[in-house]
Amino acid sequence: MRILCPRCQLSSLISAFGSKLPSAFCNHISRLAVDSIDVGHVAQREGVSSSPSPSHIDEDLVGRFVSILGTCRDPLGLQKGRQVHAQIVVRGVRDSLLGGRILGMYVLCRSFMDAKHVFFSLEMGSSLPWNWMIRGFTMMGCYELALLFYFKMWFGGAYPDKYTFPYVIKSAGCLSAVGLGSALIDMYSKCGNLDLARRVFDSMTEKNEVSWNSVIAAYGAHGLVKDAMDLFRQMQEAGFVPDHITFLALISACGHAGQLDEGFRLFHSMHEQYRIAARMEHYACMVDLYGRAGQLNKALKLIKSMPFKPDAGIWGTVLGACRIHGNVEIAELASKHLFDLDPENSGYYVLLSNIHAVAGRWKGVLKARSLMKERRVQKVPGYSWIVVNNITHMFVAADKSHLDSECIYFILKSLLLVLREEGYVPKPDIIFPLQMDTSEQAAVVSPDASEH
């Protein structure tokens with residue numbers, strides 16, 4: 001078993017948590033040793049056999065592993081801890097207490113890449129793994145991440161306890177009041193509670209560009225363009241200069257509200273009045289605006305005028321608009337670019353196939369599927385989950401593995417009947433139109449259609 005290089009650890013953390021980490025944290029990771037580990041050496045020295053695990057949990061064995069892991073409390077104990085973890089995996093020992101101790105060992109040994117992997121393998125309904133991650137980020141000075149995990153802890157179905165708050169309070173205290181206020185505004189906005197977001201903003205004795213942008217984005221995300229524009233004016237009256245993030249929030253708000261003219265005006269005033277160069281994300285918002293309005297030709301014209309090459313996000317927005325408005329020709333154009341820019345993304349193939357299916361172009365459906373199969377692109381099923389009584393229940397489409405699946409589907413069918421009585425008509429573009437009675441359609445439908 002080999003410890004990955006510091007650069008790999010850092011890349012993995014950035015990919016997993018999506019946040020810019022402090023330089024001290026990055027420097028600490030770079031000092032971790034890179035060498036090979038003789039798996040089993042420490043476990044054997046401590047009196048733990050490396051033979052396969054029995055079918056039942058040996059409490060004495062778990063106790064010995066917990067005792068050994070308790071001695072690994074700093075980076076010098078990382079190799080020993082990893083060897084013990086390897087022995088636990090080899091022997092197939094699974095215990096919630098042991099899982100928490102393994103996570104704690106990696107946190108105390110400052111190996112956050114390993115801690116991340118262990119964290120996502122544990123039950124999210126327990127406060128133990130969340131507490132360890134919050135503690136670890138606080139120890140390393142990553143106070144923003146510590147608070148982010150505290151907020152996510154609630155959505156994961158876990159509840160803070162007496163071990164949570166000391167590190168949350170320390171992280172909050174180490175951050176400026178402005179930074180914490182902006183984080184709260186963003187959190188309450190994403191929870192759909194604009195009143196609390198606004199109360200936090202109004203209660204802030206100190207405000208900066210970040211806090212103004214946060215509250216503008218909060219109203220914009222809910223399509224409240226008028227309120228966002230009022231805040232935009234108040235921001236300037238307070239002496240703050242809007243930046244590219246401000247305009248991104250405003251243009252995005254116009255997209256949510258369908259206000260094409262206002263979005264177009266903001267896009268041009270950003271450059272002409274405020275001398276702010278449009279970035280890729282601003283163009284993406286404008287393409288989305290045109291796409292929502294059905295003006296796909298104008299969206300293509302804007303893309304051609306861009307001073308840089310459009311990325312997959314731009315063309316993905318176009319393809320999504322084509323699905324809404326049923327434009328097969330432009331969908332073909334967008335998909336050609338997407339298959340070059342992001343050929344492993346199964347969503348683009350499925351979306352193009354659905355667009356052809358709704359239009360009744362079954363040869364196009366077959367072509368999209370064949371290309372997906374030829375390139376060996378696999379569609380990863382999407383999961384939904386709900387937390388009930390601190391237990392997480394996960395589902396995929398047409399899932400019948402749940403113990404209460406019969407009851408769940410009975411209630412679902414009842415809800416669908418109520419929706420139809422209220423006048424709801426489902427869109428027939430999930431896989432195929434509702435009526436499939438031609439031989440050409442039947443030729444497309446294969447036994448493995450459900451995989452796509």
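**View 1. Residue classes in the lining of the second largest pocket of this predicted model.** The lining divides into nine nonpolar, seven polar and three charged residues (Ala, Val, Leu, Ile, Met, Phe, Trp, Tyr, Cys and Pro count as nonpolar, Asp, Glu, Lys and Arg as charged, and the others, Gly among them, as polar). In this predicted model, local features need pLDDT of at least 70 and side-chain atom pairs count only at pLDDT 80 or more, whereas totals for chains, interfaces and linings use all residues. Residues are numbered from 1 along each chain as its sequence is written, and side-chain values use heavy atoms, with hydrogens and water left out.

**View 2. Position of the second largest pocket.** Its 19 lining residues include R94, D95, G99, S121 and L122, which lie nearest the centre. A pocket is an open set of points on a 1 Å grid over the protein atoms alone, where a 1.4 Å probe fits, with protein on both sides within 12 Å along at least five of seven lines; lining residues have an atom within 4 Å of a point. The space amounts to about 480 Å³, a volume being that filled by probe spheres set on the points, which are joined across faces, edges and corners. α6 gives the largest share of this lining, five residues (helices are DSSP runs of H or I, at least four residues, numbered from the N terminus).

**View 3. The largest pocket.** About 710 Å³ of space lies here. Among its 24 lining residues, S182, A183, D186, M187 and K190 are closest to the centre. α11 contributes the largest share, eight residues.

Note on methods:
Helix = DSSP H or I, 4+ residues; strand = E, 2+ residues; numbered from the N terminus.
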